[in-house]
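Good morning. Please have the sequence and the structure open.

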Amino acid sequence: MNSDEPASKASDVRPGRLPEEQITANLSDMHPPLTPSEAIIDADRCYFCYDAPCTTACPTGIDIPGFIQKIRSGNIKGSAHTILSENIMGGMCARVCPTEVLCEDACVRNTHKDRPVRIGLLQRYATDPIFETNTQLFGRAPATGHRIAIVGGGPAGLSCAHRLAMLGHAATVFEPMDKLGGLNEYGIAAYKTVNDFAAREVDYILGIGGIEVRTGVGLGKDVSLGELRKEFDAVFLGFGLAGVNGLGLDGEQVEGVANAVDYIAALRQAPDKASLPVGRRVVVIGGGMTAIDIAVQSKALGAEQVTMVYRRGQEQMNASRYEQEFAQVRGVSLRLWSKPRRLLVNAGRVSGVEFESTQTPGETYVLDADVVFKAIGQKMLSDPLRESAEIVELKQDRIVVDEERRTSLAGVWAGGDCVFGGEDLTVSAVQDGKVAALSIHKFLLGK
Ligand SMILES: Cc1cc2nc3c(=O)[nH]c(=O)nc-3n(C[C@H](O)[C@H](O)[C@H](O)COP(=O)(O)OP(=O)(O)OC[C@H]3O[C@@H](n4cnc5c(N)ncnc54)[C@H](O)[C@@H]3O)c2cc1C
Ligand code: SF4
């Protein structure tokens, strides 16, 4: 850390870098919905493959040709039912799935001469009316009398709770935050989920009934795993990754150095986006979805210069090529094969970062910065499991589960970002919650 930078590097961080209407336009829907005629044209492009590779590529196994066929025949409600019966967050997934590496990548029309069927947008076309009209497509089976504790109200927990409710069980969701939705509510980029869609989807999920919600309650703080195991017939852990990886540099606590996820959460919750302080020059360290999102949103809020710096090459970035290009089109610069070596500090605030080449050790350069965002991944905080850490098996600080999402502890299941070996995607968390619910159901029936 260097504390005697020249005064000319005085930081420039302030709200209202752009007029409010410009910010609203910049954060508007990334992929506006299809019109009915566009939807029909795209649905007509599907070959309705018998052994559909897109369905195999979808982590929740949605019958994609089946729902597209229903769009073609005008049965939009039936199409939504096909989607939501496999993936209750099919509305959010239609907006946030990196389809370019999932279903659309597998589409047989995805050749160098052609383009894939726009599965994500068709999925949105079919499901949007259900959420707009709050039409319940699923009911509850007769009550079984079994009670399940769900720890965490994110995609994994809500998916599990909904499936359990469908099967007639009573689910209780424990969530420390005021709102449910997890990263759908506090993490996903604003331009992917406009008009409070995350909250509407949560309302829809709870609308099935049989799901009790206890907000302001965190495992490990207000309630222990032992207590939940005593009180409930089964427990599902879906508490995500509450910790953030640090850079390991001196001065990480200085003003101007921030966790990307914290800023994104503030941005998602701010009623007036123009009120958020924004740096003129922003440096983002990381190469995943979070890095892309904070970089693009900083630009949208009016940062003049946004540079994303990643330690390896474009091929190795966690963000897909599509996302990288999206960021570049939105004005974000990419610097590759560089790692941060030193934070430069002026009058107690960050003023820049010195980077070192990872290809030519010793070669350095400096990027001036008013704000530096850390976006090098999140980690699980094992505090919630403290009391039983010796029993719930962890690997690389995440929970080990089998193919039914059972943990090493009897009667305890887990899913979503907090488990080892997952993909850290909304759609995978939804699948984990569903699979765990089906396994819990089987276990309870045999009890
Ligand atoms: C910035 C960002 C952008 C992303 N963008 C995308 C994207 O575009 N597309 C995509 O597919 N994926 C994206 N992801 C990943 C996706 O959001 C996650 O994979 C998904 O939300 C995981 O769901 P989850 O339920 O496991 O965890 P979470 O969504 O993190 O939910 C966990 C819930 O548990 C609660 N909790 C935490 N601690 C406790 C406790 N002690 N007791 C009880 N509850 C607790 C939390 O408050 C939260 O509500 C993004 C992630 C980030 C960080
Ligand atoms: S849930 Fe995601 S991966 Fe699955 S079909 Fe829909 S958009 Fe594709």
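Sorted by class, the shell around ligand 1 holds 17 nonpolar, twelve polar and five charged residues. Here nonpolar covers Ala, Val, Leu, Ile, Met, Phe, Trp, Tyr, Cys and Pro, charged covers Asp, Glu, Lys and Arg, and the others, Gly among them, are polar.

Before going on, some conventions. This is a predicted model, in which local features need pLDDT of at least 70 and side-chain atom pairs count only at pLDDT 80 or more, while totals for chains, interfaces and linings use all residues. Residues are numbered from 1 along each chain as its sequence is written, chains are lettered from A and ligands numbered from 1 in the order in which they are written, and side-chain values use heavy atoms, without hydrogens and water.

Back to the ligand. There are 34 residues around ligand 1, and those that come nearest are Val96, Glu175, Lys192, Leu219 and Asp417; to be near, a residue needs a heavy atom within 4 Å. For Leu425, the distance from a backbone N or O atom to a ligand oxygen is 3.2 Å, and for a polar backbone atom of Thr426 it is 3.1 Å. On its own, ligand 1 has 1000 Å² of accessible area, and the protein covers 93% of that (Shrake-Rupley method, 1.4 Å probe). Helix α14 gives the most to the shell, three residues; helices here are DSSP runs of H or I with at least four residues, and strands are E runs of at least two.

The largest nonpolar core has 59 residues, and Ile64, Phe67, Leu84, Ile150 and Ile440 touch the most other members. Such a core is a set of buried Ala, Val, Leu, Ile, Met, Phe, Trp, Tyr and Cys residues joined through side-chain atoms within 4.5 Å, with buried meaning under 20% relative accessible area (1.4 Å probe, protein chains only). Helix α8, residues 119-132, supplies the largest share of this core, seven residues.

Finally, Gly352, in strand β13, residues 349-357. Is Gly352 buried or exposed? Buried, because its relative accessible area is 0%. Beyond four places in sequence, Gly352 touches Arg342, Leu343, Leu344, Leu367, Asp368 and Ala369, where contact means heavy atoms within 4.5 Å.

Note on methods
A polar contact is a pair of N or O atoms within 3.5 Å; within protein, one must be able to donate a hydrogen and the other to accept it, and residues adjacent in sequence count only if both atoms are side-chain atoms. Buried means under 20% relative accessible area, exposed over 50%, partly exposed in between (1.4 Å probe, protein chains only).
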